[in-house]
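Here is a short tour for someone meeting this structure for the first time. Have a look at the chain before reading on.

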Amino acid sequence: MTGFGHQFQGTEAPPEALMIDTAALAGWVGDRLSGFDGPIAVAKFKGGQSNPTYRLDTGAGCYVLRRRPPGVGPSTAHAIDREFKVLRAMEGTGVPAPRVFLYCDDESVIGSAFYLVEFIPGRVFWSAELPELSRDERGAFYDDLGACLARLHSVDIEAVGLSDLGRHGGYTARNFERWWNIFQAGRTVDVPDMDWLADALRERMPASEPITLIHGDYGVYNVIAAPDRPKVAAVLDWEMATIGNPLVDLAHTMRPWLEPPVPDGSRPTLVDKDVGALGIPTQQDFAARWSERTGIAWTDGDFYMGYAMFRYAAMVQGVLKRFADGTAANRNILHTPDRVIAIAARARQVVEKGMASIS
């Protein structure tokens, strides 16, 4: 495999701190899950920086286990209980997601809370330009990616029992302050553009906002593509799901169209790519199709895209902090403080000069 994705593709042996006592696991699962028996082979998926995720091969088949990092108490940053609840609610909605089996909050079993879901075979694309696919397949996959996001934003939260997942209103302002605090807590270098953005974005906060179920970190890297066709087989990593503003979710999904390139090509950017030649929709077309499907207008795009990049810079700073503290779920990391600076600069460019300034 070429490019940077090989660092996050596939599985690896868990490091000692993240190993699983398979005897204890099998003992707890016991009669709770029919067919979960025989020797258990454990491999940790390489991808992800927050909650460790494992492939379990048993005599009865393959499962996926996702856990809170050992030694980390319940928090919104590792909310696997929330993830389990949302995954269970997605059954029957048309949003593709793994089928859930069990949730365990007894930390004495394997050292932290965890849940079990079905294993879904397929592919994870780490590059936004999808080099694995043909031109027509790229267009089809991006169309389905947008369609799945629209279905997610159209879920009847009352009917599926998720109306209590978050507060109904004021999401963008609250989420902004959350990520600003995360950035401040993890700050290691001076980033003047983040300080500028904090003031500018507060001044432009929307007076009103649509409210739907949102994923929180939707993108090509957080879905499983079907093994043999350009379709989304499952949406992953629901720990940030909540009731919120779908325009924030959409903007976050469209970050690759703004992602600052790096010399080694190790970031999933479309900025310096001919998307038409690749068969990938423009950002405007992707947003327009989403609006057609949801009935929600894509408005104030400069604010939302600048906010998405600001939020992303704070996320990267949080990853850097976890990596420095030794609590990251993944031993591979591509980010540096310079990356935060570059993302913040791009966010300021969008907010200050508009999307038209991006070439």
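## Ground rules

This is a predicted model, where local features need pLDDT of at least 70, side-chain atom pairs count only at pLDDT 80 or more, and totals for chains, interfaces and linings use all residues. Residues are numbered from 1 along each chain as its sequence is written, and side-chain values use heavy atoms, with hydrogens and water left out.

## Two helix pairs

Two packed helices are described by the angle between their axes and the distance between the axes. The axes are lines fitted to C-alpha atoms over the stretch in contact, and angles run from 0 to 180 degrees between N-to-C directions. Helices (H or I, at least four residues) and strands (E, at least two) are DSSP runs, numbered from the N terminus.

Start with H5 (residues 192-203) and H10 (residues 337-353): they pack at about 35°, with axes 9 Å apart. On the H5 side, the contact (heavy atoms within 4.5 Å) includes Met-194, Trp-196 and Leu-197, and on the H10 side it includes Ala-344, Arg-348 and Val-351. Sorted by type, the residues in this contact are 9 nonpolar, no polar and 3 charged. Here Ala, Val, Leu, Ile, Met, Phe, Trp, Tyr, Cys and Pro count as nonpolar, Asp, Glu, Lys and Arg as charged, and the others, Gly among them, as polar.

Now for H6 (residues 246-253) and H8 (residues 283-294), whose axes are 11 Å apart at an angle of about 145°. Pro-246, Leu-247, Leu-250 and Thr-253 of H6 meet Phe-286, Ala-287 and Trp-290 of H8. That contact divides into 6 nonpolar residues, 1 polar and no charged.

Thr-58 sits in strand E3 (residues 53-58). Thr-58 counts as buried because its relative accessibility is 12%; buried means under 20% relative accessible area, exposed over 50%, and partly exposed in between (1.4 Å probe, protein chains only). Leaving out neighbours within four places in sequence, Thr-58 is in contact with residues including Phe-36, Ile-40 and Tyr-63. Its side chain also reaches the backbone nitrogen of Ala-60 at 3.0 Å.

Arg-82, in helix H2 (residues 80-89), is partly exposed at 25%. What does its side chain reach at 2.7 Å? The backbone oxygen of Ala-241. The C-alpha atoms of Arg-82 and Ala-241 are 7.6 Å apart, although 159 residues separate them along the chain.

## The cysteines

A search of the whole structure turns up 0 disulfides, meaning pairs of cysteine sulfur atoms within 2.5 Å. Cys-104 is buried at 1% relative accessible area, and Cys-148 is buried at 1% too.

Methods: A polar contact is a pair of N or O atoms within 3.5 Å; within protein, one must be able to donate a hydrogen and the other to accept it, and residues adjacent in sequence count only if both atoms are side-chain atoms.
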